[in-house]
Amino acid sequence: MAIRKMAGDRMSRESAAAPWFDLPDADYQQRASALSNRPDLVEAGAEYRQSGYLIRDFGFSEDDLAEAAAYTKAITTIRVQDAWLINKSIKRLAVNKRVTEFLSELYEREAFAFQTLNFPRGSQQGVHSDTYHFNSIPVGFMCGVWIALEDIHPDSGPLQYYPGSHRLPVFANKDLPGGDMNVYVQHVESAVGGTGIARETAKITRGQAFIWAANLFHGGAPIADPARTRLSQVTHYYFRGCSYFTPLATGQDGTFWREPYDIGAGRFVANADRSHRPGLKYRLGERLKVWSKRPHSV
Ligand SMILES: O=C(O)CCC(=O)C(=O)O
């Protein structure tokens with residue numbers, strides 16, 4: 001009950017430019033009817049609308065899974081961000097055509113990968129939604145794809161998530177007592193706790209992909225068996241024709257606009273609204289990060 005009410009509040013704040021599966025009921029039904037020649041998309045959209053996630057098998061190459069797993073297993077930190085810059089298999093998994101085509105059809109906008117994260121073990125990361133890190137205008141045009149690089153054991157600290165929580169309000173810094181990640185996590189845990197939604201874990205098998213909607217609350221479950229690996233890769237995707245920003249870094253002096261790097265196309269993507277231009281320091285820093293690793297030679 002609570003979640004339907006909050007969903008209504010949130011959706012009424014959204015424009016008709018939101019992804020079709022996120023629209024208020026009447027508009028959503030209309031768009032679903034218009035897709036009657038694509039029952040596969042109607043079914044995926046209905047499931048995604050309801051749960052905020054999808055599990056798919058995109059048939060990744062065995063070699064890419066094995067090479068990405070070998071790289072990931074050797075990581076000695078919690079995670080490595082943007083290993084696609086130095087590892088071909090990680091890049092190929094991130095820009096896999098079957099993934100980007102599926103996402104582009106589902107969202108009706110062109111999807112592009114802009115960040116990878118590789119985890120050798122469970123992250124035990126606090127519950128959050130990606131809208132706090134990667135939001136968009138219009139809202140909702142971002143998603144994560146979590147690929148199991150080995151069969152995921154329940155004791156390894158699997159990905160955990162709250163089905164349907166993507167319909168809760170999108171939190172921004174202005175809704176919170178400050179830009180502190182710990183405060184944010186507590187805020188999220190109490191919000192999601194109040195809905196009664198039960199937490200689930202993604203015990204998926206090697207090669208399967210878990211796709212989450214931008215506002216789905218998720219994190220890393222506690223690790224029950226520290227001897228276990230949990231080899232996995234997350235790729236974050238945005239969609240063309242939006243403006244991109246980070247609520248977490250948005251202070252009183254203005255919105256923290258981003259300029260994501262399209263990993264597949266090999267270029268930065270400007271915000272659709274040209275007045276949403278990130279600061280010079282950010283743009284130079286991002287270019288230096290990408291070009292110093294020479295990704296075009298990978
Ligand atoms: O893999 C995990 O444990 C968490 C990943 C995650 O939360 C993210 O990439 O946003």
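**Chat about Gln81 and the chain around it**

Colleague: Hi! Starting with Gln81: leaving aside its neighbours within four places in sequence, which residues is Gln81 in contact with?

Modeller: Those would be Gln115 and Leu117. Bear in mind that this is a predicted model.

Colleague: Thanks. Where in the secondary structure is Gln81 found?

Modeller: Gln81 sits in strand 2, which covers residues 80-81.

Colleague: And how does Gln81 count, given its C-beta neighbours inside 10 Å?

Modeller: Gln81 counts as partly exposed, because it has 13 C-beta neighbours inside 10 Å. Buried would take 20 or more.

Colleague: Let's zoom out. How many helices and strands does the protein chain have?

Modeller: There are 8 helices and 13 strands in the protein chain. Its radius of gyration is 19 Å, close to the 19 Å from the globule rule for 298 residues, so the chain is as compact as a globular protein of that length.

Colleague: What share of the residues count as buried?

Modeller: That comes to 38% of the 298 residues. As for contacts between residues at least 6 apart in sequence, 81% join residues at least 24 apart.

Colleague: Nice. What does helix 8 reach from its first C-alpha to its last?

Modeller: Helix 8, residues 280-292, reaches 18 Å, close to the 18 Å expected at 1.5 Å a residue.

Note on methods. Residues are numbered from 1 along each chain as its sequence is written. This is a predicted model: local features need pLDDT of at least 70, side-chain atom pairs count only at pLDDT 80 or more; totals for chains, interfaces and linings use all residues. Helices (H or I, at least four residues) and strands (E, at least two) are DSSP runs, numbered from the N terminus. The radius of gyration is taken over C-alpha atoms; the globule rule is 2.2 Å times the number of residues to the power 0.38. A residue is buried if 20 or more other C-beta atoms lie within 10 Å of its own, exposed if 12 or fewer, and partly exposed in between; C-beta atoms are placed from the backbone. Two residues are in contact if their C-beta atoms, placed from the backbone, lie within 7 Å. The expected span of a helix is 1.5 Å times one less than its number of residues.
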